[in-house]
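Thanks for coming. I will go through one model, its sheets and its cores, and keep it brief.

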Amino acid sequence: MNEGLENLINTVEMALFAQPPKTEAELRKFIKAMQPIVAPSLSEDDCEVIARQIEEKEGVRAGLGALLAAGDFEPWLDEAKPGIQPFYWDRYKKQLLRDGLPRDVITSTDEVTDRILGQLGNPKLAEKWDRRGMVVGHVQSGKTANYTGLVCKAADAGYRLIIIIAGIHNNLRNQTQGRIDEGFIGRDTGNLAAGRNRDRKIIGVGKFDPSNTPVSLTNTIKDFNKETATTNTSEIDSYKVPVVLVIKKNHRTLQNLLDWLRDNSAKGDSEMIDQPMLLIDDEADNASINTKYKQQLVTTINGQIRDLLGMFHRSCYVGYTATPFANIFIDPDQDDDMFDEDLFPRDFIIGLDAPSNYFGAKKIFVDGMPESEEATWLRFIHDNEDVLPIKHKIDHELDDLPGSLITAVRSFLVARTIRDLRGQYGSHCSMLVNASRFTRVQGLLRNRLHEVVERIQNSVRISASMGQRGLQDPELLALKDVWKQEYSEAGFDWGEVQSNLLKSVASAKVVEVNSKSNGLSYEISGDRGQTVIAVGGFSLSRGLTLEGLTTTWFLRNSMMYDTLMQMGRWFGYRIGYEDLCRIWMPREAIDWYSYIANASDELHQELKTMERAKATPRDFGLAVRSHPSSLLVTARNKLGSGQKVTAMIGLSNQFVETARVSLKTREANLACARRLLDALDEAGKGLDEAKPIATGFLAQNVNVDLVDQFLAGWRNAEESVQTDTGPIRAYIRARNEDELDKWDILVASVKKNEPSHVLGKPIGPAYRYIELGDLREGFMSFSGKRMRVASRGVEKVGVAAEKAANAEAEYLQEKGKTRDDKVNFPDSIYRSQRDRPLLVLHLVQPTPPKDEDDDPRAAQIPTEPYLAWSMSLPRSARPTEKVEYVVNTQRFREMFGEEEEDDDAQAED
């Protein structure tokens, strides 16, 4: 976007912020009135572009999230507000508006940060207090912007010492310091530390009002240093302005800070420790957790954070995380241990809603990956094994690149060109390549990618200006093929793209980002944004933001919820280029993301449900720990034991399904199903009498005994841990006289598929792909690691129409959408409305994964359908009652492998 356009849109948006929403005609009239004053060189077409951008932002909505709080806290903020001058917040609000955040997002940020501040201790209350809380957001959804707003409001309210613990690497700490410089301090701390002119280095919020500048004991160049801090002690004695530190989550840094605080306290400077202190722990699930079965260093950092909090008479701890399945909740030992942890958020938990334009896991891996497998943004990697296997050693040689990675690079360069044609010339554009845990291999990848980019640039320089004749160049022709495959409907024909290629890709570069090298820089060169391909591992997997991330090639495989989600740097906001984004990854990783996206979405919904029920943080902690998906986390955390471990799981308001079936038990399980259908016939509820619906045949008000008999006869595969019938039957038996005495039974049938008669009735089987490698182990995994058999919407079956409509209306309201929007409702919203539990019988015809039909192993796939089942259990009046599952960790290791740690996953010294 050129400078005139940018100035006009910023001026218009700031002027509109304090005014009521305008109609289309009013908005255009307002822009035309401002244009001659702010940007007289702009045309009428430019004004129309601005109007449309503003209208797009006006359509973005953001909810207020959910709040769980302990009931013994005295509210203070409302009463204190008349005496609070919102100096720092007002500056930051203007900064957010100038940065282009939609009006509704800024308003919700204002309200949500008020909710968080109101849960902190009152800084004007002189007596001792301490508060512990957590904010649960989404990966790359704006957590940094949220806690920067909280810092501003805390400073306005009277907090004079604010410590932010950022990531375990310098690059993330430096990036976080830069955000605080822009959003709170208002000056470039790195240039100030270098002794350069103070006034010339006013940035961010300082451009609105440079007064009352907070003192920063860290800067964008250096982390906390005792000597430097000591020289600044005279500046902070009066505490007229806030003091802020952004430190790395490192045991040596934390020890230096503790020593410095103790030294000053010993010298009689009690003023410092008497100040109300706010500690924000970014990525709170990473290295802050007191996990006894991981590295001792983790426990050390946990202890140091607790020591830091203990040094102040009045302190608040607020942990920010996007992974609520993290170990801070999933300590598989006793429930009491969880609550007794000093960093457990015992006082409050706040769940943040992502704005409606958030490009997140559910949108990409669930809504954007339909059962037809025609993915919107995702592309499969299946050509890497001969060149760069997912599992490789540190000395792996890399002389070539997989074809899909070269295609991804071409896609990125074409997308950059289209973004420029859309007026995004001044915006940054990035590609992520995360394919190895070894920094040595990352270096080789960088070199090979540099060669590829240079080859493309040379071809573009020579051939792009030659029109049709230029397509004789294989590289230029390959770029056109990518455009035709991916972007032919992006609004520009190939001639326009080819003509602009050189200007767009000439400055593209490949950089390495890890603990040993960081070539990542997002400085504007003239009016041109950076075009960067970033190669890395762990450093690109936590917190670090890649500006304008458009293309990703991701060759990693982890089934740890927090690790996998944090690796998703492609989540975030892609205003004006979401349709250009592409993500290449192995099918197995896609399947894991789909599974985790559903589980995480359910937990955010559970937060809202618990808020309505006035539940406490402890209740939520127990809910996370007892979620069926925590079986996977529990087993992973205990892999070191190599033995069977026990997990206590709750089944209230849960959905379970047979993700895996044994090849040996087909006939036995089909016979089990036929006995159930015969019993339904005898009870007058057989398929002939059942209610035919779009998804099959529904028998209602069935006695629980028939369900229990089916489960008793079912032969469960050891690999399908969640459908172990022992715990499920125990849960049902405890409720078989009241909550679960009557059931609905659905025999699912896909009408468009050729019917099978293996159950004695014509039933259309569902087609589900399986992982071919599992066949040699004697089982099949339906839908791969996604572990899905049921089709979307199955849990709506049997729910009263009025209740289903109410659930949908409530969901739309929470998401800021209407019935006119295209919305895929999650099944969990119907489950919570159920009057009776639902058992679903599925006939499943296994198929090879897409593009793997010619794999020799595909010939081993059974040609006859197998039986599977799923179960939707309503919310119980006794939700805290759990059942016992046993996980064989040795078998788990064989199925899923060990977690591999990156070269640079350890904290830097």
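**Sheets, helices and cores**

Helix α18 (residues 439-463) lies across β10 (429-434), β11 and β12, and runs at about 175° to β11. Before going on, some conventions. This is a predicted model, in which local features need pLDDT of at least 70 and side-chain atom pairs count only at pLDDT 80 or more, while totals for chains, interfaces and linings use all residues. Residues are numbered from 1 along each chain as its sequence is written, and side-chain values use heavy atoms, with hydrogens and water left out.

Helices (H or I, at least four residues) and strands (E, at least two) are DSSP runs, numbered from the N terminus. Axes are lines fitted to C-alpha atoms, for helices over the stretch in contact, and angles run from 0 to 180 degrees between N-to-C directions. Contact means heavy atoms within 4.5 Å.

Now the sheet under that helix. β10, β11 and β12 belong to an open sheet of 6 strands, ordered β9-β14-β13-β10-β12-β11, with parallel pairing; two strands pair if DSSP finds at least two bridges between them. β9 (378-380) and β11 (509-513) are the edges, each with a single partner strand, so one side of each has no neighbour in the sheet. From one strand to the next, the twist averages 20°. β11 and strand β12 (residues 531-536) run parallel and are joined by 5 bridges. Lys-509 stands opposite Val-532 in β12.

Next, the other sheet. What is the strand order in the open sheet of 8 strands? The order is β1-β8-β2-β7-β6-β3-β5-β4, and the pairing is mixed. At its edges are β1 (66-69) and β4 (215-216), each pairing on one side only. Strand β2 (residues 129-136) pairs with strand β7 (residues 314-321) in the parallel sense, over 8 bridges. Gly-133 has Val-318 in β7 as its bridge partner. Helix α22 (residues 587-612) packs on this sheet, where it touches β1, β2 and β8 (348-351), and its direction makes about 60° with that of β1. α7 lies across β3 (161-165), β6 (277-281) and β7, at about 165° to β7.

Last, the cores. A nonpolar core is a set of buried Ala, Val, Leu, Ile, Met, Phe, Trp, Tyr and Cys residues joined through side-chain atoms within 4.5 Å, where buried means under 20% relative accessible area with a 1.4 Å probe, protein chains only. The largest has 84 residues, and Phe-184 and Leu-308 have the most contacts inside it. Helix α7 (residues 143-157) gives the most to this core, 7 residues. Apart from it lies another core, of 78 residues, including Val-366 and Cys-429.

How values were computed. Buried means under 20% relative accessible area, exposed over 50%, partly exposed in between (1.4 Å probe, protein chains only).
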